[in-house]
Amino acid sequence: MPDGPEEKAGGGAGAEVGERVAPGLRSRARRKPRTELEALVALGKRIEQGPRALIRIAERWLLVRGRSGELMRLRANAAQRSFEERRGRQNIVLKARQMGVTTWIAGRFFLRTVTRPGSLTMVVAQNRDAAEAIFKTVHRMWEGLPEDLREGPLRRSHASAGRMVFPELDSEMCVGSASDSNAGRGVSLTNLLCSEVSRWPGDAVGTLAGLRAALAPDGEMVLESTPNGAYGAFYEEWMSGVDECGAVGDVVRHFFPWWMEERYVGPEVERAAMRDEELALVTMFGLSGAQIGYRRGLEKSFGVLRSQEYAEDAVSCFRASDHCCFDVAALESRLGEVQEPRERRRGGALWVFLPAMPRREYIVAVDTAGGGVHGDFSAVQVIERSTGLQCAELRERLGPAETARVAADLAREYGGAVVVVERNNHGSAVLAYLETRERYARVYESGGQAGWLTSAATRPEMIARMRVLLEESAERFLSRRLLEECRTFTAGTGGRYGAAAGSHDDLVMAMGIAQTVREELISAAR
C-alpha cells in the first residue's frame, strides 16, 4: 500500500492547475502546435540533470492527495529529498511507516515514463490490490496535468486499475503482483518499483531475481519496505547494499527513521523527565521534546512493535519484528565464527566438515523430498554420536532413489552409520530403496517400524532440542547454511513453526531428527 498520504503539495486541479503547472510547454505549443512532444522529451533531459531539477519539476507538475483529503502539489519532504539527493541506479529503502517514499518514487517514475519515449515502468507490491492502490496515485498525477497534454502527447489509449499506455510516446506503466512468479518475464523494464518487499509471499528471492533480470541496462530500480524480521529477501538485499554508490551494480541503501517526518510530534516532554534512552536520542539526533512525546505515544499504541512500524535504526527495527524460534544473538554470534567446509562435493551440494574417524559412531539423518526443479530440498545431516558434532551436510533436490543412494554412501563412508529417515511422505520410498536397491541394513526403527515419524508430538521436541543446543552448545554446528535456515525458522499462526516465506527448513529438520535420535540412542545405552 502507499506508505502515507500522497505527500505535501498545494494547489487546485483542472484548467487552473494546467495554467500553473506547465506554462512553458503551453506557450511553446501556441508557437509551434506540434512540438509538445519535443518539449516533454526536453523536460526528461532536465530531470536527469540532478536532484534539484527533479524536485522542482515534481512540485510544479504533480498533484497528490494530502492527509486531509485535499489536492496538493507534491512538495518534497525531508525523506523524499534525501532519497533524491543520494539515489543510485539501483536503490533499497528501509523506512518507517507513512513517510511518503512510495508516493515519491511512483511520481518520479511517472515523470520518467511520460518524458522518455519507449519507457516501460512496473510497480510490484505484495499483492495485486496493494499495487493498484499505489497506481491510483499515479492516475491522479496524470489527471492533474494540463488538459492539452492529457488530450495531446499524453493521451492514454488504455487506462485501467493496473495499466496506462501513452501511444504517442510508446510508453507504458503497469502493475504486478509478487505472488506471480512470472512478473516481469518477457519484457524490458525502464523503471521498477518493488513495494513492501519484506511482505512478499512465496519465493520472494526468485521473484525479485526475475524482475531484476528484466531491468534494462540503464533502468532504475527501487526496493522499498518497512522491516518484517531479520530474514527473507528484503533483509538479505538490505544487508548486501552499500551506503554510497561506488560501482554500476551497487544497490544504494536509504534509511528513513520516523522523526524525518515533521508532523510526527506529540505532547512536549521536559528534558528532566526524559529516560536515558530518550536523552540519547536527543543528543545523537537532535529530537525535540515534542518528538519524544510522540515516541511515547507510539510505545503505548504499538508496544514491542514500535521499532518495526516506526523504525529508529537499521538494526533494532528488524529484530523488533522478528519471530525467530531460536536465540537470534546466539545464531548471529555463531554465524560470525563458522568457517568454510573443508571439502565440497556434488557441485557444492554436499559439504564435508570433518572426516570419518576410526572407532567412532555416526548418525546419518535424512529429511526427504520429492525432487523436481521447484520442490523442497532433500537434506542429509551427518553427526558424531558421542558429541553431536556436525560432520557433513547435503542439501540438494533429489528424488527418493537418489536420496537413498547418497544416504547409504555417506553411511558407509562414516563407518557404517545408522541411517535415520523421516518416513513421512516420500520417506517410505527412500526406506524401500535403502532396503532393496542399496541393501543397507543399519536403519533406525521406532515402534517396530523403519524410519522416524515427525508428528504433532515429536516436532515440538525436535525444535525445543535445537533451541537448547543453539543456546548452550552452538559450536557443534559448523554449517552456515544450517544456521541461516535457523535464522528464518519462525513462529507462525496457531503456534506452528516453520520456514518464513521464501525460505527453507530442510536442514533444520534433518538436524533436529539427528540430535533427537542421538539423545534417544544415548539414553537407551545407559
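In the predicted model, the axes of helix α15 (residues 328-335) and helix α19 (residues 480-487) come within 10 Å and cross at roughly 160 degrees. Because angles over 145 degrees count as roughly antiparallel, this crossing makes α15 roughly antiparallel to α19. The crossing of α15 with α19 is left-handed. On the α15 side, the contact is formed by V328, L331, E332, R334 and L335; on the α19 side, R480, L483, E484, C486 and R487 take part. Sorted by class, the residues joining α15 to α19 comprise five nonpolar and five charged residues, with no polar ones. In general, an α-helix has 3.6 residues a turn, so residues three or four places apart point the same way.

Helix α6 (residues 101-115) was examined for its length and its burial. This helix has 15 residues and reaches 21 Å from its first C-alpha to its last, which is close to the 21 Å expected at 1.5 Å a residue. Helix α6 is mostly covered, with 15 of its 15 residues buried.

With a relative accessible area of 82%, R359 is exposed, because exposure is assigned to residues over 50%. The position of N425 is in the loop between β16 (418-421) and α17 (427-436). N425 also counts as exposed, at 71% relative accessibility.

A further loop residue, D243, is placed between α10 (232-240) and β10 (251-256). D243 has a relative accessible area of 44% and is therefore partly exposed. When its neighbours within four places in sequence are left aside, D243 is in contact with R86, V252 and R253. D243 and N91 are separated by 152 residues in sequence, while their C-alpha atoms are 9.9 Å apart in space.

Notes:
Residues numbered from 1 in each chain as written. Predicted model: local features only at pLDDT ≥ 70, side-chain atom pairs only at ≥ 80, totals over all residues. Heavy atoms only, no water. Axes fitted to C-alpha atoms, helices over the stretch in contact; angles between N-to-C directions. Helix = DSSP H or I, 4+ residues; strand = E, 2+ residues; numbered from the N terminus. Parallel < 35°, antiparallel > 145°, perpendicular 65-115°, else oblique. Left-handed = near helix turned anticlockwise from the far one by under 90°. Contact = heavy atoms within 4.5 Å. Nonpolar A, V, L, I, M, F, W, Y, C, P; charged D, E, K, R; others polar. Buried < 20%, exposed > 50% of the residue type's maximum accessible area, 1.4 Å probe, protein only. Expected span 1.5 Å × (residues − 1).
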